[in-house]
Number of protein chains: 2
Amino acid sequence: MQEASEIAELLFAGDRGALARLISWAENRDPRFPEALAQIYPRVGQAWRIGVTGPPGAGKSSLTNELVKALRANDERVGVLAIDPSSPFTGGALLGDRIRMEERTQDPGVYIRSMASRESHGGLARAASDACDVMDAFGFERIVVETVGVGQAEYDVVSATDTVVCVLCPGAGDGIQAMKAGLLEVADVLCVNKSDLQGADRLGMDLEDAIRLRRPLANARRSSAAGWQTPVVSTSAHEPSGLDDLIAVIEAHKAYLTDSGSAGGGDGGAALELIRREKRIEQVRRVVGERLEEELWGDSGHTDAVDSLLGKSITPYDVAEEILGTVLWASGKTP
Amino acid sequence: MQEASEIAELLFAGDRGALARLISWAENRDPRFPEALAQIYPRVGQAWRIGVTGPPGAGKSSLTNELVKALRANDERVGVLAIDPSSPFTGGALLGDRIRMEERTQDPGVYIRSMASRESHGGLARAASDACDVMDAFGFERIVVETVGVGQAEYDVVSATDTVVCVLCPGAGDGIQAMKAGLLEVADVLCVNKSDLQGADRLGMDLEDAIRLRRPLANARRSSAAGWQTPVVSTSAHEPSGLDDLIAVIEAHKAYLTDSGSAGGGDGGAALELIRREKRIEQVRRVVGERLEEELWGDSGHTDAVDSLLGKSITPYDVAEEILGTVLWASGKTP
């Protein structure tokens, strides 16, 4: 069994095998991961994390590929975490888009890692954030996290990044639909992709209108960056075009968060520090949730007990009370 | 304060105000809800619950409207639960689709209820399932649950229903994209909507191929219904057409689950009973999770403690250990 301290040493020495193994530990909830993370944690926090999300078909994978190429042209080392669905139809192997990314893997300044979204009730965002910490400690200057889909689990993944890029394209995934799916509320940057298609200009204008009309955000996570005006950029991964613009607005967002003081607080600390603190608290909550989940429903858990408790006239609330009574301290705040 | 027993009486008497109030109790986690649910629980289990999901832009809202119309033509009383995103841009008011549904609200055999998806970390599926129980006890024969979006939270909502209809349309939300989004794995019925559009036939054939090629499902929830062959139907909410076909396959799925014995078990019980049992266990897990969430992170929770624990070299795992130590019984399985 490899020790946590040993693998941390290897990671610091630039060993890509150690990088891969540590991410696997995070993904598989290896009991060695927490200790290894503690070893490398002092080096976490240097990378800028870019989330790429948007509805299916918007061209996120191709755009991510071009974005990585453009970041490399600026001589930045890039780690990529691609969240892939693992369909029972295909075992997750149908992602032809990912193949195009292969040309990047010859480049020692790029590391690409897939993570299957599978049946992770919340575990995905925890593992993705851990994987970013590992890539960060390894020394990548930019980390790109790409997700397929537009649901809560995907939000949780990208909202752990520093700059969230929402990718839209003219057609079925248009502006109103994006609003219905709640996509705009997580976006720090809006990207109209496939800008050569008909309707792209209109989509861009609609999005700019929507941004102007937007109400103050209730989301606490973003409260420290309330002054940021979400820009809309146009790209085409096909030509390719607009990538420099995209990088420029990402860098502008980075500068905004790094330089600006706290919006609400009085100590003048950088907004970035507050935001990252909030994101670490979110990660604590995810770890706690997962541990409780394991405790309650793992191998030695309560599933059998539930089964025996369930009867025609016993509600799920009654069963839940029973279970909570066996787990929680009998404190003043009775469960 | 209204008592749980009083409102249960009113519900049984057909009072729609009581119906609305009970769903609000479920949505707002009113402390009276568990007791009220216990009162009405013996009448839960008669309705057939139909989930309608699919990518943004597939036409789910219009199709749901037509589906309700067609169910009414068969003289069935229908409850509708529409899960709407609540965008901070609009407060959730932009859903023009919903307006078309208004014509249904004059019909005493139909009840339509919206539920905002807001920032419910898992709470949405719990509340949606509770709302279905309430509509079920009220006496609706069919309950339609429609969700916008394709993420984990939406899966959780529709997977609590008896028959999941996945709506797709030609274009951006096409077959491969649907597979990427993992949509097919929850579908009991696939519906190619906007069948008048170019590419609809092709999409239908692709989906049928995908179904044939599909691997055995790993999902335990569906293990009792492994023999069901997911049918593909074509509809157009525009003309409208295909609604009778859609209802026919939903009814066929109902008959399949109601009549078929357990696939794995030896007692010959109906598959439906096993599946619903699994779904109730899922609901127990959601209730337990929500209660723990409340206990840990509510008003009197640990958020401040986390904040004071977080330091540059203290990982989220370290903080999680501290918190779990204060909450869980110091049992043999140390947290």
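Modeller: Let's start with helix α1 (residues 4–12) of chain A and α3(A), whose axes approach within 8 Å and cross at roughly 45°. That angle makes α1(A) oblique to α3(A), oblique being what is left after under 35 degrees (roughly parallel), over 145 (roughly antiparallel) and 65 to 115 (roughly perpendicular). On the α1(A) side the contact uses Ala4(A), Ser5(A), Ile7(A), Ala8(A) and Leu11(A), and on the α3(A) side Glu35(A), Ala36(A), Gln39(A) and Ile40(A). By class, this contact of α1(A) with α3(A) has 6 nonpolar, 2 polar and 1 charged residues.

Some bookkeeping before going on. It's a predicted model, with pLDDT of at least 70 needed for local features and 80 or more for side-chain atom pairs, while totals for chains, interfaces and linings use all residues. Residues count from 1 along each chain as its sequence is written, with chains lettered from A and ligands numbered from 1 in the order in which they are written. Axes are lines fitted to C-alpha atoms (for helices, over the stretch in contact), with angles from 0 to 180 degrees between N-to-C directions. Helices (H or I, at least four residues) and strands (E, at least two) are DSSP runs numbered from the N terminus. A contact means C-beta atoms, placed from the backbone, within 7 Å. Nonpolar covers Ala, Val, Leu, Ile, Met, Phe, Trp, Tyr, Cys and Pro, charged covers Asp, Glu, Lys and Arg, and the others, Gly among them, are polar.

Now step back to the domains. Chain A splits into domain 1 (1–41) and domain 2 (44–134 + 142–270), bounds that come from an automatic or database domain assignment. Across the boundary in chain A, 9 residues of domain 1 contact 9 of domain 2. On the domain 1 side, α2 (16–27) and α3 (33–40) of chain A each supply at least two residues, and α2(A) gives the most, with 6. That side of domain 1 divides into 7 nonpolar, no polar and 2 charged residues.

Chain A also has an open sheet of 7 strands with parallel pairing, in the order β3-β2-β4-β1-β5-β6-β7; to pair, two strands need at least two DSSP bridges between them. β3 (110–116) and β7 (232–234) of chain A are the edges with a single partner strand each, so one side of each has no neighbour in the sheet. Neighbouring strands here are turned by 20° against each other on average, direction ignored. Within chain A, β5 (163–168) and β6 (189–192) run parallel over 4 bridges; Leu168(A) has Val192(A) as its bridge partner in β6(A). Helix α9 (residues 200–213) of chain A packs on this sheet, touching β5, β6 and β7 of chain A, and its direction makes about 170° with that of β7(A).

Last stop is helix α11 (residues 271–297), where chain A meets chain B: the axes of α11(A) and α11(B) come within 11 Å and cross at roughly 135°. That makes this pair oblique too, and the crossing of α11(A) and α11(B) is right-handed. Arg285(A), Val288(A), Leu292(A), Leu296(A) and Trp297(A) meet Arg285(B), Val288(B), Leu292(B), Leu296(B) and Trp297(B). This contact of α11(A) with α11(B) has 8 nonpolar, no polar and 2 charged residues.

Technical notes:
Two residues are in contact if their C-beta atoms, placed from the backbone, lie within 7 Å. A crossing is left-handed if the near helix is turned anticlockwise from the far one by less than a right angle, and right-handed if clockwise.
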